Amino acid sequence: MTELTLGRGTPDRARLLRLLQDYGVYTGVLVLLLFNFAFTPHFVSAENFRTQAVQVAPVLIVALGMALAIGTEGVDLSVGSVMALATSLLSLYLGYGPWTAALVAVLAGAVVGVANGALIAFVGVQPIVATLALMVAGRGLALVLLPQLKDVHDPDLAALGSGAVLGVPYLALIAALLAVLTAFVVRRTTFGRQALAIGDSRPAARLAGLPVRRVLVLVYVCSGALAAIAGVLATARLAASDPTSLGSLMELSAITAVVVGGTPLSGGRVRVGGTVAGATLIQLLTTTLIKHDLPPSWTQIAQAVVIVLAVYAARERGRR
Amino acid sequence: MLSVTQLSKTFPGVRALSDVDFTARAGEVHALVGENGAGKSTLIKVLTGVYRPDRGEVTYDGAPVRFVTPLQAQQAGISTIYQEVNLVPLMSVARNLFLGREPRGRLGLIDFRRMHREADEALRGLGIRVDVHRPLRELGVGAQQMVALARAVAVDARVVVMDEPTSSLEPREVHTLFEVIRMLRERGVAVVYVSHRMDELYELCDRITVLRDGRVVHTGPLAELDRLRLVAMMLGREIGEVRAEGMTKFSGSHDTDAQQVLTVTGLTIRHRLHDVSLSVRPGEVVGLGGLLGSGRSETAKAIAGALPTDTGRVVVAGVPVRAGSTAAAIRAGISLLPEDRKSEGIMPGLSVRENIALAALPGLSRFGLVDDTRVDRIVETFMKRLRIKAAGAHQKVGELSGGNQQKVLLARWLALHPKVLLLDEPTRGIDVGAKAEVQTLIDELADDGLAVLLISSDTEELIEGSDRVVVLKDGAVVRELTGDAVTEDELMRAIAAVPAGESDD
Amino acid sequence: MTTQTEEAGRPADAVSRESAGPGRTNRSERLSGLAQRHGALVTLVIAMVVASLGFDTFLTGDNLENMALSSAFLAVVALGMTFVIVTGGIDLSVGSLFALGGVLAAWGSQYGTVVALLLPLTVCGLIGLVNGVLIAHVRLPPFIVTLAAMLGARGVLLAVTDEGAKTYLVDKDSFFATLGQGSLAGIGVPVWITVALFVLGAVVLSRTRFGQYVYAVGGNEDAGALMGAPVARTKISVYTLSGLCAGLAGALNAAWLLSGVTILGSGMELEAISAVVIGGTLLSGGFGFVSGSLVGVLLLKVIQNVINQIGSLDSAYQQVVSGAFLAVVVVAQTWLGRRRRVL
């Protein structure tokens, strides 16, 4: 109640806050780019942009699924483990050909999503808790399937990981494609709109006769499948399956990208463009710090600060 | 003991209380009544420190006071017992009773033996016997309320405010509660008792204050006030008042000869509805009358599948509807405009367009892809037809006025071409102009052959808008007004009537 | 009069039963309560019996001693986590704080035992305090705040260890080392410390006013506030406590390993949460007990031990098992707790 009156009392501040939420992330990306153009040697090169794009691709893909989950007022903590699971399955089934293996990996991600979604939609477990359980079990399962790092030698996968069309890496292309697809799903499909409605007001969605449970399950299936795709792509890029470390802390990076991108944690809204920019922002921030010889410790601390600030900025809108 | 003078409180756009005088005396049970929006809850919240008044003075124990938080009020001796018990359900009875003032022994550790003994004694003192070791949630709602009362008494409350304490109690529990309240009265506690159950008021209360539209319309000893006059005051009507037709925008009666499209038989929900049956024909507006808490909204929700029922059948156009599923009800052609528009109706963060198209989306899509041109057409049609005033189809619904929000909701349902429309307080909280528009709309819809079930606390709206009125009281149908009997007088008489065999359970 | 109220209790019970779904009697309700309280203990006993029947090496002194020692550190972390979860929160930063505490203790041990203990406690306690303030006063969601703290603490850890390149060692002959390496009556000092902390924790949670506030905040925050519980202060206290516990556990672990290992502790937050929840504490808050968390930790460690003993199985099975366990417990809790939301 006090928050409400406060917001009303200072419309300028509220408008400023909204502007910040809506365009802050783009401004941030722009500022970092300009800074790097000016002060970072060797920043402006096709090679560097390629590297950046390849590095950001898996995070972005995971973040797209996370954005869907957050749009329904949920969260998916299991994404990192799903990536690990995907990489394990990929090298396990590589014998059947890379595409079959990739398909199996993505299917596994979808199955984890079904489990998450069923726990959340049918049993009524809070999303954090449900996905936490699969986060623990998923990583374990990945390690059971593939106990240690294994090199992946496959020409097709290698091409996928490091190839490019017209100078644009496949990874970046796929990520861009998925981003466009996600934006399309959110804007143009029944499913996307129903998901947002559920995130905006669950009781109203139920009274409006929406298939709340089905939509929720599907959202987590998307998130799981996207995370698995990210796992496959990351494996292709590294030419190795490392279920121990692949995707660790990925949930954090993905949530950060989504939140920094202006998608409120309270649901009802998904900003795909913002999410892309959010992932880019974090990638650029890391690069900037590294290129200026600041140690990784700084990167982590900086990322922590950015998350808290982003959540803080998004907080007021969350409360109606 | 506790009194307020010349109290005023304004919320943005609404004058919730104006110049209210209210006094709760020690050793007296004071009833506070009024319909929705009369200002009861605002008054209670001012008394208990949740809100601060804009104007006016609160006097407690002879001295002016100003509570900033509910906690302060409570520490000063003003306890509130809410409808929803405000205790910690997972903690034991004794722990709830003593939270924050546990008896402590050596080393500052809690002396549980003493605590349990004292808790037991305190509850026994009120004539309640429960196992104080059990988690509170294992108790019935009534027993929980007793514990809340016991806590209030234990912290030496001198004023106890009770907000509809009996709404979910069994008759037996109500009886025990009354015993406790009488005991409190004898101890010199001032009790403020909010309820809509007239029989309870007359059984228990000494004085009464009636609020309407933020003003005190009556205050005085209850015994001097007869039931009919009380109902009339609560509803803001005079008995036998001669009034000109046409205050509302309803045209009058509709063609009511057709076959019934909605038939509801024997709806029962434990504690809330008892064997409610009604039917509506196409083109007919049936009003659902009764005081607040009489089961009107529950009936509507149960029909729409939003509230699970114990027994009962809903049949639309000869086809039974699966109970407890909003989707099934909607498929059958039932649409509900819920009472709580803000939290159960609109999606405040989504646009007008999204809100209107939401329920109809599956029908407007092909292979899961939304056909935007069709959506635009429908949205445009309804925005024009219902005269929805918005900056555009892309404005957020949360930013619209109440009347326009309501129209957006209506549009959402009309886009589905329903057979039955359940309208729960369609004109509450919207301004006069929009109100008239919504009323005209309801009329038009009925003329177009829709079956409408109308719930309204505005008696005039209900009487003039409805062809028939089914009167509910305490969750059961007490009377059906038809033809010439559809008058405010008859409605009030039906509500005020003392039911036969009232004294038993 | 009294008989009347007794009777009044019964139909009212029906109210709550009804909302819980048909066919649930009071007895089965008590049974489920019992299951929640002692289920983990029963499972632990069964697991130990099965393990000792299956493996000769299980019930040997060495093996038990090993298990006790390796449980000790996780148990201390889980102790702090129990308080946090009972308030309905979650602390994902404990793994990082555990590692940070270890490194700080190892570094500080060159200046004596006092520094070796105080430094990690101060730093980790402060991070916990910041978590608490952000959660209680700024009202940010706990999982985001502590996730950020997890990252931040790891950053600090890297910063003090020269980006992870440097490992500080603890002098084997220092008093600090005996906190980890020493033993008393044949049982390792860390085990004694853990037991002492759990006794203390149990007393604090169940027998002090603060403990009651912890339950009240987790059970119904608004009602707690109305009844005078200092909600913000309680929340800040539990996150600080959790930070302190993680820091202390890290320090003890460093004393045991004789070095501050930087790569430890990742995934520990999940283990601690699993242990607490398996021990019967409700993840939604308001219900739980310290002894259950200890049992939960032991259960996890016994499972790990058994999996290790079956040579052919990879240790990763432990994660699968505990993840599955967590899922089962959480589902069971949700079923049991559903009626609570209705009330």
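Colleague: At what angle do helix α9 (residues 209-219) of chain C and helix α11 (residues 231-257) of chain C pack, and how far apart are their axes?

Modeller: Bear in mind from the outset that this is a predicted model. For a helix pair one reads the angle and the axis distance together, and here helix α9 and helix α11 of chain C pack at about 100°, with their axes 10 Å apart. Angles of 65 to 115 degrees count as roughly perpendicular, and α9(C) and α11(C) are therefore roughly perpendicular to each other. On the α9(C) side the contact is made by C:F210, C:Y213, C:V214 and C:V217, and on the α11(C) side by C:V231, C:T234, C:K235, C:S237 and C:V238. By class, the residues of this contact divide into 6 nonpolar, 2 polar and 1 charged.

Colleague: Which residues meet where helix α8 (residues 189-207) of chain C packs with helix α13 (residues 290-309) of chain C?

Modeller: The axes of α8(C) and α13(C) are 8 Å apart, and the packing angle is about 145°. From α8(C) come C:F198, C:G201, C:A202 and C:L205, which meet C:V290, C:S291 and C:L294 of α13(C). This contact divides into 5 nonpolar, 2 polar and no charged residues. As for the chain that holds both pairs, chain C has 14 helices and 2 strands, and buried residues make up 55% of its 343 residues. Among the contacts in chain C between residues at least 6 apart in sequence, 77% join residues at least 24 apart.

Colleague: How should I read the largest nonpolar core, and which residues have the most contacts inside it?

Modeller: The general idea is that in soluble globular proteins nonpolar side chains tend to be buried together. In this model the largest nonpolar core has 387 residues, and those with the most contacts inside it are A:L60, A:V62, A:A63, B:I334, B:L422, B:V452 and C:V77. Helix α11 (residues 212-238) of chain A gives the most to this core, with 19 residues. To see one of these positions from its own side, take A:V62, which, leaving aside neighbours within four places in sequence, is in contact with A:V79, A:L226, A:A227, A:A230, A:M250 and A:A254.

Colleague: Turning to the chain contacts, how many residues does each side give where chain A touches chain C, and which element of chain A gives the most?

Modeller: One reads such a contact from both sides, and this one takes 33 residues from chain A and 37 residues from chain C. On the chain A side, the elements giving two or more residues are α5 (98-123), α6 (127-145) and α14 (296-318), with α6(A) giving the most, at 13 residues. By class, this side of chain A has 26 nonpolar, 5 polar and 2 charged residues. In the contact between chains B and A, 25 residues of chain B touch 20 residues of chain A. The elements of chain B that give two or more residues to that side are α10 (326-332), α11 (341-345) and β18 (369-370), and the side itself has 15 nonpolar, 7 polar and 3 charged residues.

Colleague: Is B:I110 buried or exposed, and what is it in contact with?

Modeller: A residue is buried if 20 or more other C-beta atoms lie within 10 Å of its own, and B:I110, with 20 such atoms, is buried. B:I110 is found in the loop between α3 (93-98) and α4 (112-125) of chain B. Beyond its neighbours within four places in sequence, B:I110 is in contact with B:E102, B:R104 and B:M115, and also with C:R207, C:T208 and C:R209 of chain C.

Colleague: What is the phi of A:E73, and what is that of B:D275?

Modeller: A:E73 has a positive phi of about 65° although it is not a glycine, and it lies in the loop between α3 (46-71) and α4 (79-92) of chain A. B:D275, also not a glycine, has a positive phi near 50° and lies in strand β12 (residues 273-280) of chain B.

Colleague: Where in chain A is confidence lowest, and where is it highest?

Modeller: Chain A averages a pLDDT of 85, and 94% of the residues score at least 70. Confidence is lowest in helix α1 (residues 2-9) of chain A, at a mean of 40, and highest in α11(A), at 93. Over residues 1-9 of chain A the pLDDT is below 50, and beyond near neighbours in sequence this stretch has 4 contacts in the model.

Key. Residues numbered from 1 in each chain as written. Chains lettered and ligands numbered in written order. Predicted model: local features only at pLDDT ≥ 70, side-chain atom pairs only at ≥ 80, totals over all residues. Core = buried A, V, L, I, M, F, W, Y, C linked by C-beta atoms within 7 Å. Buried ≥ 20, exposed ≤ 12 C-beta atoms within 10 Å, placed from the backbone. Helix = DSSP H or I, 4+ residues; strand = E, 2+ residues; numbered from the N terminus. Contact = placed C-beta atoms within 7 Å. Nonpolar A, V, L, I, M, F, W, Y, C, P; charged D, E, K, R; others polar. pLDDT = per-residue confidence, 0-100. Axes fitted to C-alpha atoms, helices over the stretch in contact; angles between N-to-C directions. Parallel < 35°, antiparallel > 145°, perpendicular 65-115°, else oblique.
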